[in-house]
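Have the sequence and the model open beside you.

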Amino acid sequence: MRKYCVTVIIMSFFLFIGGTSLQASQVDYTVQSGDSLWSISHYHGISINQIQELNGLQSDFIKIGQVLILKNTCPEDVNNNVTAEIESPVEDVYVIQPGDSLSSIAQKFGTSVTNLMIANGLTGEFLLAGDTLVIQRVETNPVSRAGDRQVGNRIVEYAEQFLGVPYVYGGNGPYGFDCSGFTKYVYNVVGVALPRVASDQTNMGTVVDKNSLLPGDLVFFRCNGASIVNHAGIYVGDGKFIHASSPRSGGVIYTNLSESYYARSYAGARRVLQ
């Protein structure tokens, strides 16, 4: 009886060691609603490129319920393999002074207006003296940091996967969008949290002249003679933008900015990739 107990204990020990080893070598994650490769990579300490390689993904598109294989995220792996590709935020707390603006604070701490708004859940640029801001200064390897144009092209590539998805009033995707729901959903893939309403999205980033548009810039319109912005899209280049149009127009489509209806309705553009 004693010999049998010892045998069971030894077998249990080796099963535990084996189970621990297997768990350390592979981590599975089931995609949830609202997830993006950026949010998954940020939470698990693994780069987007690594997730794509481990799962044979050719783009950033993922589906709810999809099971992804994630590399072991022990400190050794993160330090040795990922530091060249992920960003390391350094947090400060700043007390807002009279006369401060988001742009002046961003310049002072070497960050961007967009990062300040995301870190503090801001939907506009109004500041109140005496309030505090969380400052996330991002220190990156210049070689691995993607430029605005590269990230803009990535946004466009991701947005194009939804061509033909139907227009749904109040739709947040991925199976139905309205215009601002589409832009908000697409920008989430690179970690940019846009407000839900098109008119509020005009407060993000910086103003861009129509002649200086780059892929990934937000474009806005006052459709049907509206006094405020009521439509948004994403510039893709060559004078075109992608947007969730009306049900009659086919949902998510390309449109030329020069098309008479949108040329008349054009209300400006913003660049949120600072």
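This is a predicted model: local features need pLDDT of at least 70, side-chain atom pairs count only at pLDDT 80 or more; totals for chains, interfaces and linings use all residues.

Residues are numbered from 1 along each chain as its sequence is written, and side-chain values use heavy atoms, with hydrogens and water left out.

**Overall build**

The protein chain holds ten helices and ten strands; these are DSSP runs numbered from the N terminus, with helices (H or I) of at least four residues and strands (E) of at least two. Of its 274 residues, 39% are buried, where buried means under 20% relative accessible area with a 1.4 Å probe, protein chains only. Among contacts (heavy atoms within 4.5 Å) with a separation of 6 or more, 58% join residues 24 or more positions apart.

**The core**

In soluble globular proteins, nonpolar side chains tend to be buried together. Here the largest nonpolar core has 40 residues, and Ile105, Ile155, Phe177, Phe182, Tyr187 and Ile234 have the most contacts inside it. Such a core is a set of buried Ala, Val, Leu, Ile, Met, Phe, Trp, Tyr and Cys residues joined through side-chain atoms within 4.5 Å. Elements supplying at least two residues each include α5 (102–109), α7 (148–160), α8 (179–187) and β7 (231–237). The largest share, five residues, comes from α7. Beyond its neighbours within four places in sequence, Phe182 touches several residues, among them Phe162, Phe177, Ile234 and Val252.

On a 1 Å grid over the protein atoms alone, a cavity is a set of points where a 1.4 Å probe fits but cannot get out, and a pocket is an open set with protein on both sides within 12 Å along at least five of seven lines; lining residues have an atom within 4 Å of a point. There are three cavities of 30 Å³ or more.

| Space | Volume | Lining |
|---|---|---|
| Largest cavity | about 90 Å³ | seven nonpolar, three polar, two charged residues |
| Second largest pocket | about 260 Å³ | five nonpolar, seven polar, two charged residues |

Ile62, Lys63, Ile64, Pro174 and Tyr185 are the lining residues closest to the centre of the largest cavity. In the second largest pocket, Ser245, Ser246, Ser249, Tyr261 and Tyr262 lie nearest the centre, and β9 gives the most to the lining, with three residues.

Key:
Buried means under 20% relative accessible area, exposed over 50%, partly exposed in between (1.4 Å probe, protein chains only). Grid points are joined across faces, edges and corners, and a volume is the space filled by probe spheres set on the points. Ala, Val, Leu, Ile, Met, Phe, Trp, Tyr, Cys and Pro count as nonpolar, Asp, Glu, Lys and Arg as charged, and the others, Gly among them, as polar.
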